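Notebook open, structure loaded. I'm jotting down what I look up as I go.

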Amino acid sequence: MSQIHATPAIRVSSYSISKIALEGLSEYLAAETRDVTVVTLRPATIATDRVVPPFSPEHRWRMLSPESMVPAVMHLLCAPREQVHGKAFEQFALIHALAS
């Protein structure tokens, strides 16, 4: 079973598969290109119109706003290429590391 979703959520299979495909594409692009920096950011569960409906109210309170991505995205955009190219980052881990 995929480590990305050990327990898949209901009605999000196409979304989940597209994320897996995007990570695979990112790995290949990182290996093939020298002119573009390729990095993957794995967000926490973000409260969007697409994600919120399948989840119960008990789970929705844990979802982050889309704006919560800004610090991680800005860090990755400004980081030296050798620190981020070809790597995948988890939103929570990255924000925690930046705060330390």
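Predicted model: local features only at pLDDT ≥ 70, side-chain atom pairs only at ≥ 80, totals over all residues.

Which residues in α3 meet which residues in α5? I find Pro 71, Ala 72, His 75 and Leu 76 in α3 meeting Leu 94, Ile 95 and Leu 98 in α5, where contact means heavy atoms within 4.5 Å.

Residues are numbered from 1 along each chain as its sequence is written, and side-chain values use heavy atoms, with hydrogens and water left out.

Confidence next: the chain's mean pLDDT (the predictor's confidence in each residue, from 0 to 100) is 83, and 82% of residues reach 70 or more.

I then looked up the core. Ala 72, Leu 76, Ala 79, Val 84, Phe 89 and Leu 94 make up the largest nonpolar core, meaning buried Ala, Val, Leu, Ile, Met, Phe, Trp, Tyr and Cys residues joined through side-chain atoms within 4.5 Å. Buried is under 20% relative accessible area, with a 1.4 Å probe and protein chains only. Of the chain's 100 residues, 22% count as buried.

I also checked Val 84: leaving aside neighbours within four places in sequence, Val 84 is in contact with Thr 37, Val 38, Val 39, Leu 76, Ala 79 and Phe 89.

How values were computed: Buried < 20%, exposed > 50% of the residue type's maximum accessible area, 1.4 Å probe, protein only. Helix = DSSP H or I, 4+ residues; strand = E, 2+ residues; numbered from the N terminus.
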